[in-house]
Amino acid sequence: MNARQAPEFPRWPQYDTSERDGLIRALEQGQWWRMGGDEVNSFEREFADHHGAEHALAVTNGTHALELALQCMGVGPGTEVIVPAFTFISSSQAAQRLGAVAVPVDVHPDTYNIDVAAAADAITPRTKVIMPVHMAGLMADMDALAKLSADAGVAVLQDAAHAHGARWQGKRVGELGTVATFSFQNGKLMTAGEGGAVTFPDTEMYETAFLRHSCGRPRDDRRYLHQIAGSNLRLNEFSASVLRAQLRRLDEQIALRDERWTLLSQLLGAIDGVVPQSGDVRVDRRSHYMAMFRIPGITEERRNALVDRLVDAGLPAFAAFRAIYRTKAFWEIGAPDETQDAIAKRCPNTDAISQDCVWLHHRLLLAGEQEMHATAEIIADGVAAA
Ligand SMILES: *Cc1c(COP(=O)(O)O)cnc(C)c1O
């Protein structure tokens, strides 16, 4: 047994004195919720500015961000939301929790992003929202989606849980004219352990969302004037203080990851049987939430064994998302009136990718060039053995 061992990669999450100072500042402010303090307000302003959005609303997590955004966009019982079949389950679960039907459509085999033609085919009179997910920070085809949205009269909601800081043809997520949601869960590109945000291109929906995220209560209310149905999705001051520090590090880290991915994807592409996630020249800034690659034709069992080997060798490797229609959760509430087989038939790329794709944690891309070579060598050995 003389299998290669991986070098040490940078840890995630990262912090320095700016997070520490932020936490102390929030602590000593003496007000630990957003209604009394200033950290959440400041973070929202900074996050909105950074993404070119008119408004940002911080919330408890990315799943709640999706639920809130969908609700504000009119999603509820009797409506449908089109989602990519290859995504983290929150994309569909958020719609289903609101009593809507989540309709999965296939993704492209190279980008793993929503197939806009398939989305167009899935539109019915009940469709309220199309939800692209910018997979691993590679933005979906926002031009085709804007056209479809205008032609069909259906709104687009960007699930940007992987796409902090990403750009489409020079435009930031908030400049694309649609509502977008973000996650700040522990693994995401900026984090406070948990947390989320919704960005809005206009003030009216933002104001409604603000009310809904705070039990329907206006900002300065002292008389329990609950004006609209809602829940408590408020982020606390400590989390916001950490996120303000994380946001200041985001761009530099994205630039480094991008440089490393350029190298790593070349090295991976040179390995027999390995196909890295492709790019799209229109995505001029990719945030690289995951480093993803496929081994087309490998069985799910062998892919899983390969991931185990990579983990044993010290790589932060994971099996890709399971197709959402192949989870039990998907079928509990809000599933379409179709069989699993019928959906699978419409989603051959999703079925293949969820079996043959592997992803590496983005902290790996914060390492040096040498570490990219070591990573590719371990993957080459693993794939040869698989
Ligand atoms: C992480 C993630 C979410 C949910 O975010 P949480 O903060 O974990 O609730 C939603 N969509 C996608 C694509 C994600 O990766």
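This report looks at the ligand in this predicted model and at the pocket around it.

## About the model

Residues are numbered from 1 along each chain as its sequence is written. Local features need pLDDT of at least 70 and side-chain atom pairs count only at pLDDT 80 or more, while totals for chains, interfaces and linings use all residues, and side-chain values use heavy atoms, without hydrogens or water.

## Around the ligand

The ligand is surrounded by 15 residues (each with a heavy atom within 4 Å of it), and G62, T63, H162, S183 and K188 are the closest. Helix 3, residues 62–72, gives the largest share of this shell, with 3 residues (helices are DSSP runs of H or I, at least four residues, and strands are runs of E, at least two, numbered from the N terminus).

Let's turn to the polar contacts (pairs of N or O atoms within 3.5 Å). A polar side-chain atom of T63 is 2.5 Å from a ligand oxygen, and a side-chain N or O atom of S183 is 2.7 Å from an oxygen of the ligand. D159 places a polar side-chain atom 2.8 Å from a ligand nitrogen.

## The pocket

The ligand takes up the space of the largest pocket (more than half of its atoms lie within 2 Å of the pocket's grid points). On a 1 Å grid over the protein atoms alone, a pocket is an open set of points where a 1.4 Å probe fits, with protein on both sides within 12 Å along at least five of seven lines; lining residues have an atom within 4 Å of a point.

The lining holds 27 residues, and F88, S183, Q185, K188 and Y289 lie nearest the centre of the pocket. Elements giving two or more residues to this lining are helix 3, helix 4 (90–97), strand 8 (179–183) and strand 13 (357–361).

Terms used:
A polar contact is a pair of N or O atoms within 3.5 Å; within protein, one must be able to donate a hydrogen and the other to accept it, and residues adjacent in sequence count only if both atoms are side-chain atoms.
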